[in-house]
Amino acid sequence: MKINYSKTFLNSILKITTQIDHEKIDKLALEILRIKKNYGRLFFLGVGGSAANCSHAVNDFRKICNIESYCPTDNVSELTARINDEGWETSYQEWLKSSNLSRKDAIFIMSVGGGNLKKNISVNLIKSIIFAKKKNAKVFSIVGRKDGYAFKNADVCIDIPNIDNKLITPYSEG
């Protein structure tokens, strides 16, 4: 029996690229360009594997696009101090406060689920979105589920088409 996992996975990626909303990607690119032209900043927020993606995105947006960008998980000392002193749920929100988030800026959520208050999932992302809205900052997201807080409350959200529930995480984070 011949099993070809890589071919199956890559064919799924092709299927996702044909189903993804290309207009949303273009809209997001224009919004990011507006942030850059207004000398705003991008704050990337994610948890778990998405936090690693956020860290890498900061590198690319700073180096390739020349946009001032930051990620709270890049400073482990500050993040763990905030978690210890203020709690996990408000750690990102408080970090955004001390970063002086303004209407010229945007937060960029990367998350498989996008947060869920009822299930107490990724509440730190949800509180960050609420805070960003209060500051009139833009909210961008890339998510794998359409029922999460980030999908419902972002100014621009790119949702990754779900073609296999068992692989939603690798497809979304990929």
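Tutor: Happy to! Five strands form an open sheet with parallel pairing, in the order β2-β1-β3-β4-β5. Strands here are DSSP E runs of at least two residues and helices are H or I runs of at least four, numbered from the N terminus, and two strands pair if DSSP finds at least two bridges between them. This is a predicted model, where local features need pLDDT of at least 70 and side-chain atom pairs count only at pLDDT 80 or more, while totals for chains, interfaces and linings use all residues. Residues are numbered from 1 along each chain as its sequence is written, and side-chain values use heavy atoms, with hydrogens and water left out.

Student: How many residues of β3 are buried?

Tutor: Buried means under 20% relative accessible area, with a 1.4 Å probe and protein chains only. On one side of β3, A106, F108 and M110 are buried, and on the other I107, I109 and S111 are too. For strand β3 (residues 106–111), the count is 6 of 6.

Student: Which residue in β4 stands opposite I107?

Tutor: β3 pairs with strand β4 (residues 138–143) in the parallel sense, over 6 bridges. Within β4, the residue opposite I107 is V139.

Student: What is the bridge partner of L42 in β3?

Tutor: Strand β1 (residues 42–45) pairs with β3 in the parallel sense over 4 bridges. The partner of L42 in β3 is A106.

Conventions
Buried means under 20% relative accessible area, exposed over 50%, partly exposed in between (1.4 Å probe, protein chains only).
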